[in-house]
4 protein chains.
Amino acid sequence: MSKFLELKRECYEANMQLPALDLVVYTFGNVSAVDRKEGVFAIKPSGVAYEALTPEDIVICDFDAKIVEGEMRPSSDTKTHAYLYKEWENIGGIVHTHSLYGVSWAQAQMDVPIFGTTHADHLTKDIPCAPPMADELIEGDYEHMTGKQILDCFAEKGLDYEEVEMILVGSHGPFTWGKTAAKAVYNSKVLEEVAKMAYLTLQINPNAPRLKDALIKKHYERKHGKDAYYGQGC
Amino acid sequence: MSKFLELKRECYEANMQLPALDLVVYTFGNVSAVDRKEGVFAIKPSGVAYEALTPEDIVICDFDAKIVEGEMRPSSDTKTHAYLYKEWENIGGIVHTHSLYGVSWAQAQMDVPIFGTTHADHLTKDIPCAPPMADELIEGDYEHMTGKQILDCFAEKGLDYEEVEMILVGSHGPFTWGKTAAKAVYNSKVLEEVAKMAYLTLQINPNAPRLKDALIKKHYERKHGKDAYYGQGC
Amino acid sequence: MSKFLELKRECYEANMQLPALDLVVYTFGNVSAVDRKEGVFAIKPSGVAYEALTPEDIVICDFDAKIVEGEMRPSSDTKTHAYLYKEWENIGGIVHTHSLYGVSWAQAQMDVPIFGTTHADHLTKDIPCAPPMADELIEGDYEHMTGKQILDCFAEKGLDYEEVEMILVGSHGPFTWGKTAAKAVYNSKVLEEVAKMAYLTLQINPNAPRLKDALIKKHYERKHGKDAYYGQGC
Amino acid sequence: MSKFLELKRECYEANMQLPALDLVVYTFGNVSAVDRKEGVFAIKPSGVAYEALTPEDIVICDFDAKIVEGEMRPSSDTKTHAYLYKEWENIGGIVHTHSLYGVSWAQAQMDVPIFGTTHADHLTKDIPCAPPMADELIEGDYEHMTGKQILDCFAEKGLDYEEVEMILVGSHGPFTWGKTAAKAVYNSKVLEEVAKMAYLTLQINPNAPRLKDALIKKHYERKHGKDAYYGQGC
């Protein structure tokens, strides 16, 4: 019997949240969940419809994207997941979707500006949009290089992956992560909502002002600071 | 046994309407219900998912936002609710959400103009948008001062809280209230619908005219005037 | 026992279609159905929530809007329905809603231009938008005069109510009608879809051309002409 | 007993996907499925509501659009289907809808530009929009000529129907096809999603750049190329 049953179950349940939260149609997304002790992660098989997916279908890979266990081919984005797990030691789950507003900002090749407290409840920066990759990277080990593109963007903008848990890859779409796969899925939904609000805000007022620093700090700190008082403190 | 069972139930049921009416995702909202005789109000606990919420989880607070009964930490917005209950003696319930169109107008920092009879059926004024708070208020007792910001806006614009039962707090989102918690929830849904209609109206015709005074008066009076003939008169 | 049982049932079922088709929230709409032989129509009671509505609640009125049978107060728009039934002898049902796109075009005070075959499958003209009423009409017998406003608009634009089964009343919202109450509801849904398509079309291309006459004729005729071949011919 | 039972069932099930995928309201769409060996195709009867449709209602026609089996009148668009089956020997199913974003781009008379990888996962070209037909073609054998209009557009733009499985007919709406009826339905949903993303992209950034060639090639090839590694390879 597989020793990864629980990991597969966690990955399966996080994947099933994507259609439930209206973040994917058909097979346009994937979630992975990591087991740091075993040095592996569980990921959705490629091109399998959500309504047909079972926990047994989930594929186990190592951080070089080699299959450790599983009958099926893993997500075509597996190397991007592997890259991020290897580089960012404190993340427990990763999500990629083609959600509508996330993709549209990515196609517009623009960061999502921070306009309000809904955004600041989750991060203090604009949601970054990495530029589309250079041709030689696309033609080479594309999915691996997508991971590198994400890290390069974070380095250039001076962002911390434990504070900013989401990015748009230009012309492509959103990637999110978190302490757990469930938190990474939550971040995908938050990104989609915040991206939609920012879109509407600019339609209503093209000169809408950036959220003031005091509010950015207040809302982020009350939820994530050392004296946080949002939630049940557990 | 708690003497606030009925109040908690009222508060619980009003809270559960928010996801049912598509006004919140996750925990992005809260409803409270007041008991004027006891000088307390019931409010949603902070950061608890709606699908996990039970009537027993509801927290009872006094008008200084002190917990009177309950195991859990109340909503992080509790002091705003307390402030409004203390100042406005005739309201029975308060709602705060991050609903999409309400937030987008708040982020645009613009009042929602009165364009049609759907709006006038509920209020005769533009839906006010309070400016974002001054830095020293944000850094101080933020949620308490959010209540003060709302009252200051009403004072400055000469609005009556019994006629205008809704406001947008700039860069943040909508607050609504009413005679009961259920009415306050109704007002949140109305605000969202009216905000969406006003958005679309300006997209179709940026020069759309304000609703004429005769129609504002007619529609408001037929529903709320002394000779009102809308509804069953009970 | 009431002799209007069947009429009430028809009216009730048509009313229940409004929330099912996403055309109303709360009580923002009403449907009536006529019995020409008896000279009466059945209409939704005012301000009653759809989920609480029963066939017994439906009110029977004559063409002067006097109650013939029923315990409840009829829709506040009853006089508009009565006016249209009296003037237009071949209609069997009327619908009024505050549907999102219909209202937004009405608030923009613009006709919905005919851009495509979806529109031409149902009517060959722009969906007319009547101007808001004059103040003295609003302050007088408002709902009666709303009926007159609709007829005046049809007269001025030279429209035939048996060909164009819908109108927007400026600053207010859509009214539709048809041979039956069910057909009037169908027209309300068609209006909403066509209004949304026209909105999106202009957002994509502000210079989108009007549908060419040959296509208007072809699509309308294949569905409604004497040699119509759409549907099962029954 | 009919020898087309299986074909009718395939056609029925593909048709029922249209309302399930939010691609049609009422009867605004139709799907056909071909049997190449028998030289016939199965198609939805005209004007029948989806909720009333049964597999027995499906009509069997030959490639001249003559009825081979069935009690009902086939879709008014049957001659367009027949034309495409006759000309394009490798397609197994065809879909026509009046889906919201597809129609809106068609009414705007604009190709849907390729902005991102969601688009490139399915085709490497802009989604073509055929110009509205000449008056004499509309007034003649309209639905037959609609098929010709589609082929003329493909010829003029140098497109291959096995690579580009979708088109917008100007002022009208989308047609899609595929190896099977189910794949044609899938393409209709993809077209609608991609059309919506392109709409939003241009609203956010009117100068959004076309997807770079390296990404177009990469995404199309990884899913459809000879070394494709998306999906389970079956």
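Modeller: The structure holds 56 salt bridges over all chains. Please bear in mind that this is a predicted model.

Colleague: What makes the contact of B:Arg210 and B:Asp126 a salt bridge?

Modeller: The side chains of B:Arg210 and B:Asp126 come to 2.8 Å, N to O. The limit for a salt bridge is 4 Å between a side-chain nitrogen of Lys or Arg and a carboxyl oxygen of Asp or Glu, so the term applies.

Colleague: Where in the chain do B:Arg210 and B:Asp126 lie?

Modeller: The pair links distant parts of the chain, 84 residues apart. B:Arg210 is in the loop between α7 (181-204) and α8 (213-224) of chain B, while B:Asp126 is in the loop between α4 (117-120) and β6 (129-130) of that chain.

Colleague: Why is B:Arg210 called partly exposed?

Modeller: Partly exposed lies between buried, under 20%, and exposed, over 50%. B:Arg210 has 45% relative accessibility and therefore counts as partly exposed. B:Asp126, at 23% relative accessibility, also counts as partly exposed.

Colleague: What makes C:Asp135 and B:Lys212 a salt bridge?

Modeller: Their closest N and O atoms are 3.1 Å apart, and the limit is 4 Å, so the pair qualifies. This pair crosses between chains: C:Asp135 belongs to helix α5 (residues 135-139) of chain C, and B:Lys212 to the loop between α7 and α8 of chain B. C:Asp135 has 34% relative accessibility and counts as partly exposed; B:Lys212, at 28%, counts as partly exposed too.

Colleague: Are D:Lys226 and D:Asp227 buried or exposed?

Modeller: Both D:Lys226 and D:Asp227 are exposed, a term that requires over 50% relative accessible area. They form a salt bridge, with the closest N and O atoms 3.3 Å apart.

Colleague: Which residues are joined into one network by salt bridges that share partners?

Modeller: A:Asp77, A:Glu143 and D:Arg222 are joined in this way.

Colleague: How do you know that a four-fold axis relates chain B to chain A?

Modeller: A rotation of 90 degrees, with 0.0 Å of shift along its axis, superposes chain B on chain A at an RMSD of 0.0 Å. That is the relation of a four-fold axis, and therefore the name is used. In chain B, the C-alpha nearest the axis is that of B:Gln203, at 5.7 Å.

Colleague: What shows that the copies use different surfaces?

Modeller: Of the contact residues of chain B, 6% recur in chain A.

Definitions and conventions:
Residues numbered from 1 in each chain as written. Chains lettered and ligands numbered in written order. Predicted model: local features only at pLDDT ≥ 70, side-chain atom pairs only at ≥ 80, totals over all residues. Heavy atoms only, no water. Helix = DSSP H or I, 4+ residues; strand = E, 2+ residues; numbered from the N terminus. Buried < 20%, exposed > 50% of the residue type's maximum accessible area, 1.4 Å probe, protein only. Least-squares fit on C-alpha atoms with pLDDT ≥ 70 in both. Contact = heavy atoms within 4.5 Å.
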